[in-house]
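Here is a model to look through.

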Amino acid sequence: MSDSSSGSSSQGPAKDKQAQRRVTLYRNGSVYTAADPFATAMLVDEGTVAWVGSEQAASSIADDSMEVIDLRGALVAPGFVDSHVHLTETGIALGSLRLDGVRSAGELLDAVAGWGGTGTVMGHGWDESAWPDGTLPSREELERASGGRPVYLARVDAHSALVSSSLAAAANLSSPDTAEAGTDSQVKRGDHSAARLAARQFPAEQIREFQRRALSEAAANGYVALAEMSAPHIGTVLDLQQAVGWNAASGQDFPEILAYRGELAESEGDARAILDGLGVPVRGLAGDLNIDGSIGSRTAALRADYSDATGERGTRYLSVDQAAAHVAACSLLGIQAGFHVIGDAGLDAVLEAFDQAAAEVGDQRIRAAGHRLEHVEMADSSAIERLARHSVTVSAQPAFDAAWGAEGGLYQERLGTRRLTMNPFASLYAAGVPVCFGSDSPVTPLRPWESVRACLEHSNPEQRISARAAFLGHTRAGWRAAKYSNPMAGQLVPGAPASFAVWEVEELMVQVADGRVQSWSTDPRARTPLLPALDTGASPICLQTVRDGKELYSQDSLRG
């Protein structure tokens, strides 16, 4: 169907069949599509984009068999894909004690004491680097504040936690993993994994409710797909099975789950056995298979000491040989391998492993498998060149820089001048490294436009990217990174899946290329699809989210 098409009538059984089809015409807005930068209308037939074009053509197409939605100036754009989430953890965080606002150990203890309910006190989001006094409460202080209930409070980066005495006992933590800042409550590395699993002893129906809450939050923010980063140290296989099960759930539609399992394979046969044992399909043995930890918890593996901890260089959880065997095994099966890696020493180990695996199974197999790395926050020019050579996708989190990258922020505290090398988005793009973006929820919220804005306002101006690149990195690139079967996913053109979101926006603009600054224009001659003007400080409001033609979320005002 094209702009010049007009409506047609049908008779008899054909008309009855047409009446049963779900056909929706969106008009009087703006459609972000490569098919027509001036498009104001879109026709959705069942789960497919059937047509995009002008308002004049929309008038000729509209008939009584369709639902017609007047956009009233709203933007229709491809739905967001979050390339790194933890579904159950997100649901837990949404319904547990929020600690991102506390600024001292005393405030944290008061929050624990005031938390109602029964069972383990679960919390998330504390960040002692933002406190005037970074002293943390002890296990016994947490125990007293909770009235004897077990306490598990995840740090904002989710790589360490504060635990009470009873929770430590339940996790069989015989001695503190760290005594930083004079406390015995902060646990890291293996002790943290044990504490997290001990705290998350939930029945299956409660895990399902956590996941439902997270999926609803994602849908309400314009997401049509989420890459679930399952791993044994985070959750059980049952947890993964429940997450994948939402793709076939009946009665309510949610964003699609693109599942990964971060479980180490020693050989091709071992990888096949792991996959068979999961009981559900996954896109690869990738994601949070940790090479190292995080900057905030000082567990990311660094080449040089942390600036605020002499002699501390973090932790590397896997050897080069282990990582190389894993990459080789997955490459031989033709599936994605991948790792969580943040520090520069961690990335050195990963790249050496890729070189070693390529020598074993061949460069072509490595490149064809489409392997991926999560985070990759510290990558110099040499590392970036090697990532490009192996066709490794980087799954990054722009909101990390927005939260911690500014002068005086966490990165500067932990890394000093090395903060300027963090999250090198522009350098990755310039070298041809495939990049996709996510939130690492619950580490940062499911707020896609804020993540796009973080790309435009990177703390290092040299690493800023265009609005178009940032938007594509949050949409179409997410499908590509997951090696999704439909190559048209992530765009609104005839024949593509009808997976999109409708946004109420203050202003639509075109970002104009400029080597020095991010500049904007409303000039339609740019022939570039319009995006929200994010330099206003306000984020668009989601009015509707649709996946494959099925409505996941809608505000009443859309049809009002």
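Helices (H or I, at least four residues) and strands (E, at least two) are DSSP runs, numbered from the N terminus. This is a predicted model: local features need pLDDT of at least 70, side-chain atom pairs count only at pLDDT 80 or more, and totals for chains, interfaces and linings use all residues. Residues are numbered from 1 along each chain as its sequence is written, and side-chain values use heavy atoms, with hydrogens and water left out.

Q: Where is R72 found?
A: R72 sits in the loop between strand 5 (67–70) and strand 6 (75–78). Its phi is near 50 degrees, a positive value in a residue other than glycine.

Q: Why does R72 count as partly exposed?
A: Buried means under 20% relative accessible area, exposed means over 50%, and partly exposed lies in between (1.4 Å probe, protein chains only). R72 has 47% relative accessibility, so R72 counts as partly exposed.

Q: Why is V376 called buried?
A: V376 has a relative accessible area of 3%. The limit is under 20%, so V376 is buried. V376 is found in the loop between strand 17 (372–375) and helix 14 (381–389). V376 is not a glycine, yet its phi is positive, about 45 degrees.

Q: What makes helix 3 mostly covered?
A: Seven of the eight residues in helix 3 (residues 87–94) are buried. Among them are L87, I92 and A93.

Q: How do you know that strand 10 and strand 11 pair?
A: Two strands pair if DSSP finds at least two bridges between them. Strand 10 (residues 151–155) and strand 11 (residues 160–163) have three bridges, so they pair; the sense is antiparallel. L153 has L162 in strand 11 as its bridge partner.

Q: Why are strand 8 and strand 12 called edge strands?
A: The open sheet has five strands in the order 8-9-10-11-12, with mixed pairing. Strand 8 (97–98) and strand 12 (186–188) each pair on one side only.

Q: What joins strand 24 to strand 25?
A: Four bridges join strand 24 (residues 541–547) to strand 25 (residues 550–554), and the two run antiparallel. V546 has E551 in strand 25 as its bridge partner. The two strands form a hairpin with two residues between them. In the turn, D548 has a positive phi of about 50 degrees.

Q: Which peptide bond is cis, with omega near 20 degrees?
A: The bond from S441 to P442. P442 lies in the loop between strand 19 (435–437) and helix 18 (448–456).
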